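Reader: I have a model open and want to talk through its side-chain contacts. Can we keep it quick?

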Amino acid sequence: MTSFSAAAPSPRARAAALDLGAFVTAAPSSFHAAREVARRLEEAGFTELHETNSWDPADAAGNRYVLRDGSIIAWSAPEGADAASPFRIVGSHTDSPALKLKPNPQLGAEGLAQVGIEIYGGPLLNSWLDRELRMAGRLALTDGSTVLVDTPGLLRVPQLAVHLDRAVNKDGVQLDPQRHMQPILGFAPSDVLEILAHHAGVARRDIVGLDVVTVDAQAPALFGADEEFLASARLDNLSSVHAEVEALITVARGARAETPDGPAPIAVMVANDHEEVGSATRSGAAGPFLEDVLVRVHAALGGEESSRRQVLASSMVLSADAGHAAHPNYPDRHDPVTRPRLGEGPMLKINAQQRYATDAVGIAAFVAACERAGVPHQHFVSNNAMPCGSTIGPITATRLGMTTIDVGITLLSMHSAREMCATADPLMLQQACAAFLRG
């Protein structure tokens, strides 16, 4: 390919971005994301532990993972890890804003079958219009089991034609979530549960519950003069989940020795569900999942309550969640001095109200990790007139008391059905996460 710019992505960065695209395609829901992480970990030699079983010292050592609904925690304990080993943790979330199917999703009008949805999180609703949507998630069955389901692009929310809304280009699209966002499935009487059952390989009569969302059916793709950009669904926040699992696998494959500050850390990744709706669930960051696993790993290594508190005091968390690049068409929406840009490396997310958990100590730790990895970094702060969102970082810091740093790659079109990042950025975040995990 002919290069038109000195900023053309390297072959390695391009490969990492394409692999992120493959990860997104395999992870249309939080449940699929957790399973895809597990698949990649197993290919790298990790083994699954179950929360309902007891864990002995051999279980805590080595490379392990645990699944809970749409969340996953994995760790790589270095040789000789014991109750004095601190944790280095990278955290992210598996969910994204979406249209989520209602419990009784059958709907229709004007001879057309539709699907009843609720709004999950804070999507840019207009971006869900006029694009084909997959349905993906899990189904609960009468025997108590669950199965994953993933359909091709079967749904579409058609926008009202300009002929029937002459003011739309002046006044903008005005969308009522109840009246205007119900997707079309087919001609009536198409049965959405029958279709889900078919794609899951189960009987419709056996479905008693569903956690199913919609996602853009268009495949991720590189674009730009030199393919400098990646367009994809769910970059917020699968860009971070992908970087973390690849970083953990890289760290697990390398030798780790004791550091000048003490034992080599146990490298941990956590990908929580439900961040987009507040995290207050059993598999969200406000729930007990991470603490449960850390307590059990530490106990299996011979620790107790007091030693665990000591270890947590010397541990760190890197909360990775995508953030906003300065937008060329809306420059006034950003801080006038701090201008994070696409392709210039992961950014430290800082907020005086502690919507991000980053402090000066955390900044120093992340800058050191970036320097070891040979990766540039930048900063993000909000325009004072536009309060920022939040992440799992402050929640995790509050639950566990560990120094926590909020970082992420830059995006444009965040919370759109199809977001964009720089092709170079996923690899740089992956490299920074790996350096952080090594301690």
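Reader: Which ring does the charged end of Arg296 sit over?

Author: The ring of Trp55, with the charged end of Arg296 4.1 Å from its centre. A charge sits over a ring here if NZ of Lys or CZ of Arg is within 6 Å of the ring centre and within 35 degrees of the ring normal.

Reader: What should I know about the source?

Author: This is a predicted model, where local features need pLDDT of at least 70, side-chain atom pairs count only at pLDDT 80 or more, and totals for chains, interfaces and linings use all residues. Residues are numbered from 1 along each chain as its sequence is written, and side-chain values use heavy atoms, with hydrogens and water left out.

Reader: Back to rings. What does the charged end of Arg88 sit over?

Author: The ring of Phe436, at 4.5 Å from the ring centre.

Reader: And which bridge partner does Arg88 have in β13?

Author: Ala267. In β14, the bridge partner of Arg88 is Met316. Strands are DSSP runs of E, at least two residues, and helices are runs of H or I, at least four, numbered from the N terminus.

Reader: How many bridges join β4 to β13?

Author: 7, with β4 and β13 (residues 266-272) running parallel. Another 4 bridges join β4 to β14 (residues 316-320), also parallel. Two strands pair if DSSP finds at least two bridges between them.

Reader: Is β4 mostly covered or open?

Author: Mostly covered: 7 of the 7 residues in β4 (residues 87-93) are buried. Buried means under 20% relative accessible area, exposed over 50%, partly exposed in between, with a 1.4 Å probe and protein chains only. Phe87, Ile89, Gly91 and His93 point one way, while Arg88, Val90 and Ser92 point the other.

Reader: New topic. How many salt bridges are there?

Author: 23. The rule is a side-chain nitrogen of Lys or Arg within 4 Å of a carboxyl oxygen of Asp or Glu.

Reader: What is the N to O distance for Glu227 and Arg14?

Author: 2.6 Å. Arg14 is partly exposed, at 33% relative accessible area.

Reader: How far apart are the closest N and O atoms of Asp216 and Arg131?

Author: 3.3 Å. Asp216 is in strand β10 (residues 207-216) and Arg131 in the loop between β6 (112-120) and β7 (133-141), so the link spans 85 residues in sequence. Both residues, Asp216 and Arg131, are buried.

Reader: Where does Arg418 come in?

Author: Arg418 meets Asp216 in a salt bridge at 3.2 Å, N to O. Arg418 lies in the loop between β19 (410-411) and β20 (419-422), so the pair ties β10 to a part 202 residues apart in sequence. Arg418 is buried too.

Reader: How many aromatic pairs?

Author: 3. Rings of Phe, Tyr and Trp (its six-membered ring) pair if their centres lie within 6.5 Å; planes under 30 degrees apart are stacked, over 60 edge-to-face, the rest tilted. Phe223 and Phe229 are one of the pairs, tilted, at 5.4 Å centre to centre and 40 degrees between the planes.

Reader: Which pair is edge-to-face?

Author: Tyr356 and Phe380, at 6.3 Å centre to centre with 70 degrees between the planes. Tyr356 is in the loop between β16 (347-349) and α9 (360-373), and Phe380 in strand β17 (residues 378-380), 24 residues apart. Tyr356 and Phe380 are both buried.
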